[in-house]
Amino acid sequence: MARPAYLHRRPDGRYCIQIRLGKRAQEIYGRPLLRVSLRTANFQEARRRLVVNLGWAVDIVQAPGLESPGSN
């Protein structure tokens, strides 16, 4: 079964959400990728948790003000 696009498996077997950040978000977070652990090594459970948590992760990446410095 194919792995969903935002699901990344670490070398220790645990899964995490992985989303590439825009240039402004990279400056704020100090990294090109946002990675958040899903706290499971089970693929089925990781897929379920990905669906539950992907919404807020995308909201962080697309937050207003990240692309225009100084705006609130």
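Reader: What makes Arg24 and Glu27 a salt bridge?

Author: In this predicted model, the side chains of Arg24 and Glu27 come to 3.2 Å, N to O. The cut-off is 4 Å between a side-chain nitrogen of Lys or Arg and a carboxyl oxygen of Asp or Glu, so the pair counts. Arg24 and Glu27 sit three residues apart in helix H1 (residues 23-29), so about one helical turn separates them.

Reader: Why is Glu27 called exposed, and what is Arg24 called?

Author: Glu27 has a relative accessible area of 58%, and exposed means over 50%. Arg24 is at 23%; buried would need under 20%, so Arg24 counts as partly exposed.

Reader: How do you know that Glu45, Arg48 and Arg49 are linked in a network?

Author: Follow Glu45. Its salt bridge with Arg48 has the closest N and O atoms 2.6 Å apart, and for its salt bridge with Arg49 that distance is 2.7 Å. Both values are within 4 Å, so Glu45 links the two arginines in a network. In helix H2, Arg48 lies three residues from Glu45 and Arg49 lies four from Glu45, about one turn in each case.

Reader: What makes E1 and E3 edge strands?

Author: The open antiparallel sheet has the order E1-E2-E3. Strand E1 (7-9) and strand E3 (33-37) each have a single partner strand, so one side of each lacks a neighbour in the sheet.

Note on methods. Residues numbered from 1 in each chain as written. Predicted model: local features only at pLDDT ≥ 70, side-chain atom pairs only at ≥ 80, totals over all residues. Heavy atoms only, no water. Pairing = 2+ DSSP bridges. Helix = DSSP H or I, 4+ residues; strand = E, 2+ residues; numbered from the N terminus. Buried < 20%, exposed > 50% of the residue type's maximum accessible area, 1.4 Å probe, protein only.
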